[in-house]
Amino acid sequence: MEYLIIIVLLAFSALFSGLTLGLMSWDPQELKRKADGGDADAAELYPVRRDGNFLLTTLLIGNVLVNAVLSIFLGSITTGVIAVVLATVLIVAFGEILPQAAFNRDGIYLGARFAWLVRIFMFILYPIAKPVSWTLDKVLGAELPNVYSKQELMKIIEEHEDAHESEVDEDEERIIKGALTFSDKKVEDIMTPRTVVQAFDADAIIDDALLQEVRDSGLSRFPVFEEDMDSIVGMLYTSQLIGKDNLGARVGNIAFKEVRFILEDASLDDALQMFLKTRKHLSIVKDEFGGMAGVLTLEDVLEEIIRTEIVDERDLHPDMRAFAKQSHSDQ
């Protein structure tokens, strides 16, 4: 009978030890995300893991009680040094190392299998464990969730993309990393510089040469200025020239007068919100002195998010910033 009791106590010691490591190593918010994603084991485990200090106190008290009783029974079948060595080997090997190794590998799966038993122990030990956990909550505060920095999140995405078991592919990794970093950049980092912006004078007359220039550009929008590029007064759309008899008309008379401006030091996050709110796909970029620094399009922002140049059959230069720098260096 003593040997049977020792085996049962050793099994409970292993269970408490394994559950302590296996359950406490999981962040409650991570379990909740898995549960919301359809993981049945996480859904079973989350209510138990939610009150971390109460769960930890219950498992530790149970483990201490079981090991104390186990030591007493081991001492009853042998004495002296042998009893100490026997208790140490059994508790460390079978009550600590093996169960913790198993729960460390499959913590959610094994924890879900024993969640019902943990609830029973939490109920039995409630009079002792709850006051202790309440004290811990007051002294140490509530358990803090794991919050990752952008760099850590990108590293996690990289590791998932490299893992064969992950569903994250290379394109998704690139887009997610772009979405995490695009708001850290400024408009001036991705805008089309003034030196390569194609614009029309408001006093220009629409003729065959101007229409040919529009066709050759492949662009759909053109800033319209008065006197110089620092005075943008409108926006000419290619659609205004298609199928309409505007020959001889003044550009400034048919250009839309509504122009959106944005500062060159604005974040791309602000730029994206402006595009979505105004439903305009092009903005004039102003420098710190109010002069025209370039133009920014919705496409520019999207390219920064997906980290890929969006090039169609009419684009003469995939990267206008690179083209502007090259043109400047060639002069």
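User: What makes Arg174 count as partly exposed?

Analyst: Arg174 has a relative accessibility of 26%. Buried means under 20% relative accessible area, exposed over 50%, and partly exposed in between (1.4 Å probe, protein chains only), so Arg174 counts as partly exposed at its 26%. The model is predicted: local features need pLDDT of at least 70 and side-chain atom pairs pLDDT 80 or more, whereas totals for chains, interfaces and linings use all residues. Residues are numbered from 1 along each chain as its sequence is written, and side-chain values use heavy atoms, with hydrogens and water left out.

User: Why is the pair of Asp171 and Arg174 called a salt bridge?

Analyst: The term requires a side-chain nitrogen of Lys or Arg within 4 Å of a carboxyl oxygen of Asp or Glu. The closest N and O atoms of Asp171 and Arg174 are 2.9 Å apart, and the pair forms a salt bridge. Both residues belong to helix H10 (residues 170-181), where 3 residues, about one turn of the helix, separate them. Asp171, at a relative accessible area of 44%, is partly exposed.

User: How do you know that Lys32 and Asp36 are separated by about one helical turn?

Analyst: They are 4 residues apart in helix H2 (residues 28-36), which means a separation of about one helical turn. Helices are DSSP runs (H or I, at least four residues), strands likewise (E, at least two), numbered from the N terminus. Lys32 and Asp36 form a salt bridge, with 3.2 Å between the closest N and O atoms. Lys32 is partly exposed at 32% relative accessibility, whereas Asp36 is exposed at 58%.

User: What makes the salt bridge of Glu258 and Lys280 a tie between separate parts of the sequence?

Analyst: Their closest N and O atoms are 3.7 Å apart, and the pair forms a salt bridge. Glu258 lies in the loop between helix H13 (251-254) and strand E5 (261-263), and Lys280 in the loop between helix H14 (268-278) and strand E6 (282-286), so the pair ties together parts 22 residues apart in sequence. Glu258 is partly exposed at 42%, as Lys280 is at 23%.

User: Why are H1 and H7 described as roughly perpendicular?

Analyst: The axes of helix H1 (residues 2-24) and helix H7 (residues 115-124) come within 12 Å and cross at roughly 100 degrees. Axes are lines fitted to C-alpha atoms, for helices over the stretch in contact, and angles run from 0 to 180 degrees between N-to-C directions. Angles under 35 degrees count as roughly parallel, over 145 as roughly antiparallel, 65 to 115 as roughly perpendicular and the rest as oblique; H1 and H7 are therefore roughly perpendicular. The contact (heavy atoms within 4.5 Å) involves Phe12, Leu15, Phe16 and Leu19 of H1 and Leu117, Val118 and Phe121 of H7.

User: How do you know that Pro193 is buried?

Analyst: Its relative accessible area is 16%, and Pro193 is therefore buried. Pro193 is found in strand E1 (residues 192-193). Its C-alpha atom is 6.2 Å from that of Ala293, 100 residues apart along the chain. Buried residues make up 38% of the 331 residues in the protein chain, which has 16 helices and 7 strands.
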